[in-house]
Amino acid sequence: MSAQARVGLVFGFGIGAGVAVQGRINGALGARLEDGIAAATISFATGLLALAVVFAVSARQRDGMRQVRRALSDGALRPWQLLGGLCGAFFVACQGLTVAAIGVTAFTVATVAGQLLSSLVVDRLGLGPSGRTPVTAVRLAGAALGVVAVLIAGSGNTGATDGGLSVPEALRGTPTALLIVLPALAGIGLAWQQAVNGKVGAVGGSLSAAMVNFCVGLVALLVLAAVVTAATGGPAEFPAEPWLYLGGLIGVAFIALAALTVRWIGVLLLGLTSVAGQLLVSVILDVLAPTSAGLSVTAVIGCVLTLIAVAVATRSQS
């Protein structure tokens, strides 16, 4: 394995840790606002604001965006490859909607399982910048074990608790087994997002990929937030704690880092290495600062099975 690939593994771990921390922050903000969509919109808006400052002072980054526009005009990039932000928006919305109800660990396990399954397809189709990677029996076994882990992780609670739940009133009391489907779907989209962002990053740089991602995602969330606000009136007040608004900055960091790393190690291996960081930090957060869902035994079992799934699937990379 090359030195670049080893660095990619370390970056993958850091990306996973960032996802877990962002999940706790956005989940907490969604619970405080009682509106997970509003929390996701704020997260994307603060991330885009930070990127706008960087692009305003950096001619190099502005040149990267010009290269992206040129590649789009020349056909080197397709319009659909700029839509990774839609999956990012859905992922962050799921954080705000479900983390307070099901806990960081269960959210992570569900996301990981969806990401493993989707990564197999994405790598097989060659949608990422690293080219095609065949689907093997070992990879399939790892992905299947990840799905089993999701089912076990979601079986520990019979229903979501109202105390921290930030979904609409009509969804309160929804069984955890149903709520956990949302992060699983978000994980499926996450692999595709990493692939297309990697394509954009290969043309204009990782921050250009992050800028496109946040612009597209914010537009989608603003439309959704407008619909929710028209129906419910929106949040009554916004919390004053600054840390609740750091999710967007963390998102910029791991989106840009993922756009770079995926070119070195591929979509599946990026997903696998980030799993370790997600699981470790998720369990630590649920132990040190538990949500209303707490940390169930089945969630821990699901984590262990997911780690085994990672170990199984990683054998195909050796």
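How many salt bridges does a search of the whole structure find? Two. Keep in mind that this is a predicted model. Here are my notes.

1. Take the R32–E241 pair to begin with. Their side chains meet in a salt bridge, with N to O at 3.0 Å. This one ties together distant parts of the chain: R32 sits in helix α1 (residues 3-33), while E241 is in the loop between α9 and α10 (247-288), 209 residues apart.

2. On accessibility, R32 comes out at 45% relative accessibility, so it counts as partly exposed. E241 has 28%, so that residue is partly exposed too.

3. The other bridge joins the side chains of R66 and D63, at 3.8 Å from N to O. Both residues belong to helix α3 (residues 59-74) and are three residues apart, about one turn of the helix. R66 is partly exposed because its relative accessibility is 37%, and D63, at 30%, also counts as partly exposed.

4. Now for some helix packing. The axes of α4 (residues 84-102) and α9 (residues 206-232) come within 7 Å of each other and cross at roughly 60°. That angle is why α4 counts as oblique to α9. The crossing of α4 past α9 is right-handed.

5. Which residues make that contact? From α4 they are G84, G85, L86, A89 and A93, and from α9 they are N213, V216, G217, A220 and L221. Sorted by class, the contact of α4 with α9 has six nonpolar and four polar residues, with no charged ones.

Notes. Residues are numbered from 1 along each chain as its sequence is written. This is a predicted model: local features need pLDDT of at least 70, side-chain atom pairs count only at pLDDT 80 or more; totals for chains, interfaces and linings use all residues. Side-chain values use heavy atoms; hydrogens and water are left out. Axes are lines fitted to C-alpha atoms, for helices over the stretch in contact, and angles run from 0 to 180 degrees between N-to-C directions. Helices (H or I, at least four residues) and strands (E, at least two) are DSSP runs, numbered from the N terminus. Angles under 35 degrees count as roughly parallel, over 145 as roughly antiparallel, 65 to 115 as roughly perpendicular and the rest as oblique. A crossing is left-handed if the near helix is turned anticlockwise from the far one by less than a right angle, and right-handed if clockwise. Contact means heavy atoms within 4.5 Å. Ala, Val, Leu, Ile, Met, Phe, Trp, Tyr, Cys and Pro count as nonpolar, Asp, Glu, Lys and Arg as charged, and the others, Gly among them, as polar. A salt bridge is a side-chain nitrogen of Lys or Arg within 4 Å of a carboxyl oxygen of Asp or Glu. Buried means under 20% relative accessible area, exposed over 50%, partly exposed in between (1.4 Å probe, protein chains only).
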